[in-house]
Amino acid sequence: MAALLPGWMDLWSVRVMLNQSLNQWIDVHFLHCGLSITAPAPQEEKTLTKPHLGELTAPHITSDSVQLEWSVPEGTFDSFTLQYRDAQGQPQVLPVDGGSRTLTVPGLSPSHRYKFNLYGLWGRTRLGPVSTDTVTGEGALAPTMAPLGTGLAWIDVHLLHCGLSITAPASQEKPLTKPRLGELTAPHVTSDSVQLEWSVPEGTFDSFTLQYRDAQGQPQVLPVDGGSRTLTVPGLSPSRRYKFNLYGLWGRTRLGPVSTDTVTAPLPHPHPRDCAEEQLNGPGPSRETLIFLGGDPARPLRVFCDMDTDGGGWLVFQRRQDGGTDFWRGWDEYVRGFGNISGEFWLGNEALHALTSGPPVELRVDLRTPRDAAFARYRDFRVAGAEEHFGLRLGAYSGTAGDALSYHAGSPFSTRDRDPRGRPRPCAVAYTGAWWYHNCHYANLNGRYGTPHHHQGVTWFPWKGFGFSIPFTEMKLRPQRD
């Protein structure tokens with residue numbers, strides 16, 4: 001026979017004469033199938049660079065499989081997730097190790113259109129998807145006649161091709177020794193992943209299949225190359241029990257399973273009080289997340305954490321960036337907070353009081369234009385309670401923007417409809433904002449966006465003066481770091 005192509009299935013039917021005088025024949029069938037999926041690469045330590053998914057392509061397509069390839073032009077992912085719908089319209093999910101750049105999806109239907117969506121998982125953030133559409137090939141059984149021997153007989157040869165692998169199998173011949181699975185163990189367990197290891201004391205397997213149920217009870221299946229003896233399962237939930245079943249595939253026979261139960265590790269801070277504790281739960285990019293005021297599960301608060309600036313761990317409580325949110329609002333709205341925490345917003349004076357009432361907190365103010373940037377940093381930042389009109393307390397200044405906020409220390413918060421100092425014309429009305437006005441301001445970060453006149457814009461006097469409205473501002477806090 002001719003050598004088989006790597007990663008293809010070949011079905012041969014041969015009619016052989018047993019007894020010429022009795023005209024007896026026998027049909028002999030040979031089936032060769034190579035199934036291989038690239039073993040996951042070792043996990044690399046996550047860098048601070050946000051990764052980027054490249055194009056998803058389908059370079060090899062058969063009647064029942066599609067080989068996908070993709071790139072990661074920048075950064076690294078912890079893992080990937082491939083999503084598609086099968087021929088019956090049911091959603092399918094394939095987890096993929098973060099080191100892989102190719103995957104073969106088997107078990108598809110001929111002449112059927114599929115859309116594949118690939119997501120990259122980076123910490124707790126899902127990026128993407130990148131997508132591709134493809135149509136599987138038509139199934140084909142192509143007969144041909146070939147002489148078996150001069151003057152003897154002819155044979156019918158049938159070839160059926162279906163691509164099932166990414167890499168060529170080590171050998172097309174199945175060993176005669178039936179393989180055996182050894183113990184399945186979990187030597188490394190984190191809050192969101194489990195590393196599994198196993199042995200094969202005897203024989204060899206074509207491939208393995210790992211099965212388990214996710215935190216929602218949905219079955220998950222991970223195909224593994226026959227040469228692998230370890231696999232890391234990502235995307236798990238903290239403090240949860242998982243049972244993993246490993247099967248070995250030997251030709252058309254599935255052997256096993258061997259199983260292990262394990263509980264993922266708890267988070268260091270299951271109810272983080274701020275973004276610094278959220279950062280200790282695991283690295284990741286800047287993001288929205290849920291914290292709990294005072295660590296109390298009954299007091300959740302959705303916030304935006306800046307994990308990139310100056311060591312990260314900053315909880316952002318104010319942002320101006322495009323003028324899309326109206327900051328000309330009354331007392332009650334500033335007490336409760338308003339806006340979109342991934343866009344423009346004010347978190348709320350009640351939340352600020354709760355977040356600054358414990359151990360010492362530091363404040364950072366970031367200011368940017370298209371051409372330059374500056375920051376101001378203050379120790380011992382505190383916002384008083386409602387009975388003190390959410391007054392401002394500040395400690396020592398450092399930074400590049402100049403100290404505009406110390407002038408406001410000790411002042412109560414005021415809005416267009418409430419001035420605790422009872423001025424005939426409140427500063428909030430005169431300068432169209434809401435702030436810890438003194439008499440009246442050197443900083444007005446909640447002023448009228450884009451207004452360079454009459455001191456009414458978004459201003460920080462020591463940096464740009466009163467005649468320039470700063471296009472981007474962020475105010476953020478974290479536990480004080482000495």
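This is a predicted model: local features need pLDDT of at least 70, side-chain atom pairs count only at pLDDT 80 or more; totals for chains, interfaces and linings use all residues.
A residue counts as buried here when its relative accessible area is under 20%. With 6%, His441 falls under that limit, so His441 is buried.

**Around His441**
- You will find His441 in the loop between helix H4 (427–430) and strand S29 (443–444).
- Its side chain reaches the backbone oxygen of His455 at 3.1 Å.
- Leaving aside residues up to four places away in sequence, His441 touches Tyr407, His408, Tyr431, His455, Thr459 and Phe466.

**The disulfides**
- A disulfide is a covalent bond between the sulfur atoms of two cysteines.
- Cys275 is joined to Cys305, with an S to S distance of 2.0 Å. This pair links distant parts of the chain, 30 residues apart: Cys275 is in helix H1 (residues 275–280) and Cys305 in strand S20 (residues 300–306).
- The torsion about the S-S bond of Cys275 and Cys305 is about -80 degrees, so this disulfide is left-handed. Both cysteines are buried.
- Cys427 is joined to Cys440, with an S to S distance of 1.9 Å. Here the partners are 13 residues apart, with Cys427 in helix H4 and Cys440 in the loop between H4 and S29.
- The link of Cys427 and Cys440 is left-handed, with -75 degrees about the S-S bond.
- Cys427 is buried at 1% relative accessibility, and Cys440 is buried with a relative accessible area of 16%.

**Aromatic rings**
- The structure holds 26 aromatic pairs.
- One of them joins Trp70 and Phe80: the ring centres are 5.4 Å apart and the planes stand at 70 degrees, so the pair is edge-to-face. Trp70 lies in the loop between strand S4 (66–69) and strand S5 (79–85), while Phe80 is in strand S5, so the pair ties together parts ten residues apart in sequence. Both Trp70 and Phe80 are buried.
- Tyr212 and Tyr242 also form an edge-to-face pair, at 6.4 Å centre to centre and 70 degrees between the planes. Tyr212 belongs to strand S14 (residues 207–213) and Tyr242 to strand S17 (residues 241–250), 30 residues apart.
- Ring pairs also link a cluster, whose members include Phe317, Tyr334, Trp346, Phe413 and Trp436.

**Charges over rings**
- The charged end of Arg126 sits over the ring of Tyr119, 3.7 Å from its centre.
- Arg319 lies over the face of Phe304, at 4.8 Å from the ring centre.

Terms used: Residues are numbered from 1 along each chain as its sequence is written. Side-chain values use heavy atoms; hydrogens and water are left out. Helices (H or I, at least four residues) and strands (E, at least two) are DSSP runs, numbered from the N terminus. Buried means under 20% relative accessible area, exposed over 50%, partly exposed in between (1.4 Å probe, protein chains only). A polar contact is a pair of N or O atoms within 3.5 Å; within protein, one must be able to donate a hydrogen and the other to accept it, and residues adjacent in sequence count only if both atoms are side-chain atoms. Contact means heavy atoms within 4.5 Å. A disulfide is a pair of cysteine sulfur atoms within 2.5 Å. Rings of Phe, Tyr and Trp (its six-membered ring) pair if their centres lie within 6.5 Å; planes under 30 degrees apart count as stacked, over 60 as edge-to-face and the rest as tilted. A charge sits over a ring if NZ of Lys or CZ of Arg is within 6 Å of the ring centre and within 35 degrees of the ring normal.
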